[in-house]
Amino acid sequence: MGMSRRRLGQVATRALAAAALVFAATAGVQAKTTVKAVMHSGINILDPIVTTAHITRNHGYMIFDTLLSMNSKYEPKPQMADFKVSDDKLTYTFTLRDGLFWHDGPPVTAEDCVASLKRWAARDAGGQMLMDSVESLTATDPKTITLKLSKPFPFVLDLIAKPASVVPFMMPKRLAETPPTEAIKEMIGSGPFRFVAAEYRPGDRTVYERFEKYQPRPEPAEWLSGGKTVKVDRVEWINMPDAQTAVNALSTGEIDYMEQPSVDLLPLLQAAPEDVTVEIYNELGSQTMGRMNFLYPPFDDVRIRKAALYALNQESVLQALIGNPEYFQLCPSMYGCGTPLSTDAGEGAATIGKGDMEKAKALLKEAGYDGKPIVIMHPTDTISTASQPVVATELLQAAGFKVDLQPMDWQTLVARRASQKPPAEGGWNMFFTNWVIPEIWNPVVNPMINGRGKKGFFGWPDDPELEKLRADFVTAEGDDQRKAIAKAIQERAYDQVIYVPLGQYRMPAAWRTTLTGIVKSPIPVFWGLEKKS
């Protein structure tokens with residue numbers, strides 16, 4: 001029996017309404033703006049306090065926020081908090097701004113921030129120095145953090161604002177009370193993006209969505225200071241270890257952004273300027289370097305460390321890493337060239353550009369090197385760290401070293417370099433890494449110039465004289481005295497071969513021309529940018 005006209009009309013109306021709901025829902029999904037990015041590495045370690053890995057620091061900037069931030073003039077600026085300093089420079093008061101919420105709902109409190117600062121300071125080289133001078137660090141009310149010093153420490157604001165690993169990110173108190181040697185279990189921040197845990201695939205894919213309740217500062221974004229205004233709905237970090245595959249994906253529009261395209265592949269991207277922008281976002285660039293393990297032979301002997309210093313050279317390393325001299329420079333300064341404290345002081349600084357193989361051989365013979373192979377960790381999946389171990393192996397072997405070059409991915413290296421076990425039991429003798437220049441530009445923030453032994457950066461040099469010089473740098477009166485002490489620190493660091501600076505380079509990023517508003521800063525950030533359809 002057929003339906004009545006009235007009944008047919010009701011069915012049609014319901015069908016149209018259902019179709020409209022489906023269309024609206026589909027349109028909502030389609031309207032979401034997603035940026036797909038290939039970063040320099042996949043990410044396995046998510047806690048930005050337990051590691052100095054740049055990919056983890058970059059992840060930290062997505063979901064966490066900082067009390068202060070730094071502009072391009074290296075000036076600390078308010079971010080989560082405004083600040084006041086007492087006339088005697090012994091009391092620092094930070095007042096949280098309105099509208100700060102954790103991603104799981106509660107408001108940010110001063111107690112959260114105090115716990116976060118204490119956890120950060122236990123891990124960071126500069127934070128450790130700061131806490132040596134701290135009398136108390138307390139939450140005096142729900143929005144006020146008070147830091148009192150027992151003696152003047154002029155770098156308080158610089159350290160809390162610094163963009164370097166380890167960054168003093170703010171976390172909920174329950175997370176910040178996690179021991180600083182253990183990773184936190186949740187990724188809950190108050191920053192401009194929230195972490196999508198359900199879609200995270202370690203080492204392969206990391207997803208962020210815009211945090212709707214985030215209220216950016218009113219000032220324009222400049223470097224890492226100012227308003228972190230998010231103009232896209234979603235950011236996906238996709239790992240593509242093969243550089244050619246990533247370049248092809250960017251060229252075809254499969255991805256939108258590539259943090260570190262290989263310099264030798266840049267012409268492929270530059271050939272289509274209407275589709276792809278290639279640009280340097282970090283003008284000062286980065287320093288690449290080698291670090292030895294001071295805990296075990298042979299590098300517990302300074303003569304053998306010096307043999308390695310003279311065997312290595314910046315020219316060979318940079319040619320392999322970058323190739324095009326337009327993007328690199330020889331630089332003996334441990335603070336980076338182009339910075340206020342840049343210096344060429346120190347034994348070995350004059351020869352680090354081209355090396356001194358004969359001196360390396362003589363030192364190795366004098367030290368009585370026993371021929372036991374040194375374990376060099378070799379990350380094969382990151383453009384910026386894959387070539388240095390290979391070049392170093394060739395140079396060290398030429399000097400008389402035996403080398404065990406062990407391939408692995410970068411995230412395995414990041415985990416393994418924290419091991420203080422002997423090389424034969426899963427430890428290591430040497431690895432290579434990079435720091436952006438704003439991370440190393442003075443001896444307080446530079447994590448490699450640290451002589452605190454097992455409490456310091458991986459490699460663990462124990463050097464009280466170096467630590468005394470760093471303390472003198474902090475208490476120096478005036479720029480001239482501070483510069484003289486910085487020079488003495490570098491001389492000491494070269495003399496003990498605290499690490500081997502292997503040159504300075506700039507590596508462009510590349511993105512589809514559909515992206516606009518990229519913020520130039522020492523690290524890649526995803527606020528400010530827009531994506532055109």
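This section describes the disulfide and the nonpolar cores of a predicted model.

The structure contains one disulfide, formed between cysteine 331 and cysteine 337 with an S to S distance of 2.1 Å. The torsion about the S-S bond of cysteine 331 and cysteine 337 is about 105 degrees, so this disulfide is right-handed. Buried residues are those under 20% relative accessible area. Cysteine 331, at 1% relative accessibility, therefore counts as buried. Cysteine 337 has a relative accessibility of 16% and likewise counts as buried. Cysteine 113 is also buried, its relative accessible area being 0%.

In soluble globular proteins, nonpolar side chains tend to be buried together. In the predicted model, the largest nonpolar core comprises 142 residues. Leu67, Ile145, Leu396, Phe401 and Phe526 are the residues with the most contacts inside this core. Helix H3, which spans residues 110–123, provides the largest share of the core, with seven residues.

When neighbours within four places in sequence are left aside, isoleucine 145 is in contact with Leu67, Tyr92, Thr93, Phe94, Leu96, Ala110, Cys113, Val114, Leu117, Leu137 and Thr138. Among these partners of isoleucine 145 is Cys113, the cysteine with a relative accessible area of 0%. Leu67, also in contact with isoleucine 145, is itself one of the residues with the most contacts inside the largest core.

Notes: Residues numbered from 1 in each chain as written. Predicted model: local features only at pLDDT ≥ 70, side-chain atom pairs only at ≥ 80, totals over all residues. Heavy atoms only, no water. Disulfide = S-S within 2.5 Å. Buried < 20%, exposed > 50% of the residue type's maximum accessible area, 1.4 Å probe, protein only. Core = buried A, V, L, I, M, F, W, Y, C linked by side-chain atoms within 4.5 Å. Helix = DSSP H or I, 4+ residues; strand = E, 2+ residues; numbered from the N terminus. Contact = heavy atoms within 4.5 Å.
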